[in-house]
Amino acid sequence: WFALELVNFKRPATVQSFSDLPQAMEEAEKHMEAGRADLRRQAFVQGRQAFRRALAAVPEKLLLKQRPAEVSRFAALERASLLNQALCSQRLGESMEDKLLSSEHWEDVVRTCSRLIQRHVADKVSAVQDERQHEDYLMESLPMVAAAIRSASESATVSWAAKAHFRRGLAREKLGYLTDAICDFQAALAHAPEDAALVRRLDSLKQRQQKADLQPERMFAGILERERFERERESAAAELAIRKQRRQERMQQQAVAQARCSER
């Protein structure tokens, strides 16, 4: 079955898939370039989709039997894709006047940055295991691929982690998770200690948290708002399902009536 999955095929109007890594990476770069062009013209929905397609173009199993240099190249692409996805969602969240729609985009920022941090930041145990790897070895398993991705990102010169924590912190601040936002800004500051704007934002957020602690009802306002949004979304989905069911029943009744007419 594994060999069958690696045949060439093309998904309609989305991503062309390949059975070897160089072609897949070339396809991914095309989508990355399209996403950057969308960002420049502020087409954030299209840009986010293009960056997602870039990752879809490179199934992780293609990294098996590859050397660390190739995995490092993929790690750089994945970091850029996820950071740009988060940026697109951030811009959409900032531009939405409707609070519920804006919250959806901010939540996507949190999910995307969390995925980036979880996949590319090594914990203490992983760091020790990654140090045992050598430059001249092949990826024999997906855990080895994951370790090589973490290792490549740990040695990256660009401070991508500061951006990831900052964007997640910004999203958590917008969603009302002040304590989590402070933790993210502190982590971002650890990667970019000379960022004066970040220091000011962190201090401002700490002051907001202190005020919220003095007013518990405001601290829970964001939670209540999100619960109300979830109830409204579930109610709308249930109503839509009922309408679809009624429509199907009407179509069945019409089909039965037509069949009876034809028999006569």
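**Close-up views of a predicted model**

**View 1. Arg119 and its salt-bridge partner in the predicted model.** In this predicted model, Arg119 has a relative accessible area of 22% and is therefore classed as partly exposed. The side chain of Arg119 forms a salt bridge with Glu60, and the closest N and O atoms of the two residues are 3.0 Å apart. Glu60 sits in the loop between α3 (44-56) and α4, whereas Arg119 belongs to helix α5 (residues 99-120), so this pair ties together parts of the chain that are 59 residues apart in sequence.

**View 2. The salt bridge between Arg168 and Asp184.** The side chains of Arg168 and Asp184 meet in a salt bridge, with a distance of 2.9 Å from N to O. Arg168 lies in helix α8 (residues 160-175) and Asp184 in helix α9 (residues 178-191), so the pair ties together parts that are 16 residues apart in sequence. Which class of accessibility does Arg168 fall into? With a relative accessibility of 11%, Arg168 counts as buried. Asp184 is buried as well, its relative accessible area being 2%.

View 3. Glu173 and Arg201 bring their side chains together in a salt bridge, 3.4 Å from N to O. Here Glu173 is part of helix α8 and Arg201 is part of helix α10 (residues 196-214), so the pair ties together parts of the chain that lie 28 residues apart in sequence. The two partners fall into separate classes of accessibility: Glu173 is buried, with a relative accessible area of 13%, whereas Arg201, at 31% relative accessibility, counts as partly exposed. Elsewhere, salt bridges that share partners join Arg48, Arg52, Asp108 and Arg111 into one network.

**View 4. Helix α4 where it meets helix α7.** Two packed helices are described by the angle between their axes and by the distance between those axes. For helix α4 (residues 68-95) and helix α7 (residues 142-154), the axes come within 9 Å and cross at roughly 70°. That angle makes α4 roughly perpendicular to α7, since angles of 65 to 115 degrees are given this description. The crossing of α4 and α7 is right-handed. Which residues make the contact between α4 and α7? On the α4 side they are Val71, Ser72, Phe74, Ala75, Glu78 and Arg79, and on the α7 side they are Val145, Ala148, Ile149, Ala152 and Ser153. Sorted by class, the residues in the contact of α4 with α7 are seven nonpolar, two polar and two charged.

**View 5. Helix α4 where it meets helix α5.** The axes of α4 and α5 come within 8 Å and cross at roughly 160°. This makes α4 roughly antiparallel to α5, the term used for angles over 145 degrees. In passing α5, helix α4 makes a left-handed crossing. The contact of α4 with α5 contains, by class, 10 nonpolar, eight polar and six charged residues.

View 6. Most residues other than glycine have a negative phi. Gln42 has a phi near 60°, which is a positive value in a residue other than glycine. Gln42 is placed in the loop between α2 (21-40) and α3, and at 59% relative accessibility it counts as exposed. Lys65 also has a positive phi, of about 65°, although it is not a glycine. The loop between α3 and α4 holds Lys65, which counts as exposed at 52% relative accessibility.

**View 7. The protein chain as a setting for the close-ups.** The protein chain has 12 helices and two strands, and along the sequence these elements follow the pattern α-β-β-α-α-α-α-α-α-α-α-α-α-α. Of the 264 residues in the protein chain, 37% are buried. Among the contacts in the protein chain with a separation of 6 or more, 68% are between residues 24 or more positions apart.

Conventions. Residues numbered from 1 in each chain as written. Predicted model: local features only at pLDDT ≥ 70, side-chain atom pairs only at ≥ 80, totals over all residues. Heavy atoms only, no water. Axes fitted to C-alpha atoms, helices over the stretch in contact; angles between N-to-C directions. Helix = DSSP H or I, 4+ residues; strand = E, 2+ residues; numbered from the N terminus. Parallel < 35°, antiparallel > 145°, perpendicular 65-115°, else oblique. Left-handed = near helix turned anticlockwise from the far one by under 90°. Contact = heavy atoms within 4.5 Å. Nonpolar A, V, L, I, M, F, W, Y, C, P; charged D, E, K, R; others polar. Salt bridge = Lys/Arg side-chain N within 4 Å of Asp/Glu carboxyl O. Buried < 20%, exposed > 50% of the residue type's maximum accessible area, 1.4 Å probe, protein only.
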